[in-house]
Amino acid sequence: MFDAPCIAEAMRTYVLETAPVLALYLDAHHCVAGANAQARQVLCGEALGRPFAEQIVDFTGSLDLPSLIRQGGAVHRLTLGTVSGMPETLSFRFFPLPDGALALGSFDFQEQQKLRDEVLGLNRELNNLTRQLHQANAELRELNELKNRFIGMAAHDLRKPVGVIMTYNEFVLDETGDRLSDDERGFLRSSLAAAAGMKRLIDNFLDVSVIESGHLRLECSRTDVAEILAGVLPLVRLVAVRKKVELLTEETGEDKLPITVDIAKLQQVLVNLLSNAVEHSKAGQRVWLVACREAKELVFSVRDEGPGIKPEDQKRLFAPFVRAGTRKTAGERSVGLGLAIARLVVEAHGGRIRVQSKSDHGSTFFVNLPMAEGGE
Amino acid sequence: MKQPPDSPAANRLNPPFAFDEIYRRYLDGLLANDRHQCRVSFEQWLESHAELRTLYEDLVQRSLYEIGDLWERNRISVATEHLATAITESLLNLAYPRLFASPRLGKSAIVACVANEYHQIGGKMIADLFELNGWRGYFLGANTPVRDLKTLIEEKHPDVVALSVAMVFGLDTLISAAAEIRAAFPDVPILVGGQALRWGGRERVERLSGVRCLMSLSELEAWIKDGENHV
C-alpha cells in the first residue's frame, strides 16, 4: 500500500523537508548534487557541488567511497564534519542510481539517548559533589573555629599559672639567692627559663587562635620608621652580642617616613625575623635590618649570612608548625609559629611577607607595608 | 497555566516588579537553554540580598513548575526540560557559600530520592531548606538504594529522614523504602514530599506510622521551625 503515488509523494516531501535523516544526491563523480533540509543544516555550507568524500572524516586515508556505494544497501558508519565544528557519526546506506547514488544517513537514536543520559547523570553527580564540598568546607570552618576557641581557652588558662611560677621563682632568687648554693641557684634559673619558654609558647598559641578566629584587633597609630626600629633593635641586640653576631642597620634616609601600623604587632614581627636571623647565624656573621621605600610601600628587610633555606622549605615556611630544615646554630628551640604569626599580622595590615634565599648564601625576609597617606 | 490544586506558586502573591523582571529573563534563558543568561539573572537575584528562601521558591521552584507545565503541554521537548533542570542545578552551586554559612542548630536531616527516581532537584531543595534553617541537610542524590540510605542513617544519626518522589510511578518504591527505614530505625521520623503527591497517594504514605507528607517547601519550613512537634 506504500506504493500509492500520494504516499510516495508524502514520504518524499517528509524526507526532503522535515525528517531527521540526511538525504544526499551524489552525481556520477560522487559530488553532492542535492541535499535535503536536514543535510543542509548539518553539513558544512560549501558541501553542495563538492565531492562527498571531502565531508567524511577519514583518519586512515583508506576510505573507498565508490566501493561502499557499489555494495548498495549495507549500513556503513561514517563520521562527517559538521557546521558546529564537532564531527558527527551517522549510519549511511547508499543506493546506486544510473547517474550517481542516493546516500541516506541517520543518527543512532539509542546512542544519542545514552549519551544524553550519561551527561545528565554526570552533571547530577558533579553538582552533588560540589554541594558536598561546600558542606564539608562549612563543617571544616566550624571545626577550625572550635579548635581556635579551644586553643584560646586552654592557652589563656595556662598563662596565669605559668606567670605565678615565674613570679615565685624570681621572688625566691631575689630574696634568698645569697643563701643558696650555686647549684640551687642554677636549678631555679633553669626552672625560670623553662617557664619563660612555656609562656612564649602559650603567647604564640594565643596569638594564632586570636588571629585565625578573625578577632585580631589592630590598634593602629601613626608613627615613623625610627620609632619602630628603636623598639626592635634593643630586644635582639643582647642575644646577638651573646652569639657574637653583628647586628647592623643601613642608613637609607627613610627614618622619618610616616606609617600607620599597630606598633607593638609590627615590632613583634620584626623582632621575630631578627631573632630567627641571629639564631641561624654563626659567630662573626652579620645581620642587617633595613627600611626603605619602594613605590607606595614601606619595605623592611632582614638579611643574614646563615645557611639559607631550601626552595622546598621556602614554599611552606609561613604555615603554622612548619620548621625549616636548617638548624639554629646554638640549638635554640622553636615550634614553628613565629613566621605564621608574622604572616597573619602583616596581612592584617594589608601587606605581604616573603623570603629570598639560597643555600649557603643567607636569607632575606621582606615585609612590604602600604604607606600612610601623605607619606610620599 | 495549569497548576496542581495546592501549588505554592499558584497561591503566592507576585514578588516585586524587579524580581518579576529577573524571573522572566531567567525563564526565557531556561527555555532557550541559555546558561549564561540564566546565570546573570540568578546572580542578580543573589546580589539583591533577598532571603535565599525567595530565590528557591520564587525563582527556582516557580520556573521549574512552569517548565514542567510547558513540557506536559508539549510546548517544549523533554531535552529542553532536562537541560533546564541541569542549568538550574549547576546555578544552585552559586548559592551554597551563603547557604552553608547559616548558623548551626546541631540538628541534621538525611534527604534522598528513592531507587529509580532520577528527578533530584526537589530533594536537593529540601536538603538546602534544612541548611537554610540551621540544620545539616545531607543529600544522597537521585536513585538512592535503601541500603545506602540505611548505612548513612546508621552513620549520621539524623533527627529526620526526608524522601522525595517526583514521578507517580515511584510511589510504591517510596512506600516500601519508608517501611524498611521505619522498621530499622523506629525512632527516626520520616518526611515525604514531591510533585508525585500532588496527584494523590498521601493517604497510602501516611498509613505508615511516623511518616508524614509535606506538600510544599513552606510546609516543610513550618515543620522545621516547629521543633517540638515533629511527626
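What follows is a short exchange about terms and values.

Modeller: This is a predicted model; local features need pLDDT of at least 70, side-chain atom pairs count only at pLDDT 80 or more, and totals for chains, interfaces and linings use all residues. Residues are numbered from 1 along each chain as its sequence is written, with chains lettered from A and ligands numbered from 1 in the order in which they are written.

Colleague: What makes residues 35-47 of chain B a helix, α3?
Modeller: Helices are DSSP runs of H or I, at least four residues, numbered from the N terminus. α3 of chain B has 13 residues.

Colleague: How do you know what span to expect for α3 of chain B?
Modeller: The expected span is 1.5 Å times one less than the number of residues. That gives 18 Å, and α3 of chain B reaches 18 Å from its first C-alpha to its last.

Colleague: Which residues of α3(B) are called buried?
Modeller: Cys38(B), Ser41(B), Phe42(B) and Trp45(B). Buried takes 20 or more other C-beta atoms within 10 Å of the residue's own, exposed 12 or fewer, partly exposed in between, with C-beta atoms placed from the backbone. These buried residues fall within an arc of 100° seen down the axis of α3(B), so they line one face. The arc is that of the directions from the helix axis to the C-beta atoms. On the other side, His36(B) and Glu47(B) are exposed.

Colleague: How many residues of chain A are in contact with chain B?
Modeller: 11, against 14 residues of chain B. Contact means C-beta atoms, placed from the backbone, within 7 Å.

Key:
Helix = DSSP H or I, 4+ residues; strand = E, 2+ residues; numbered from the N terminus. Contact = placed C-beta atoms within 7 Å.
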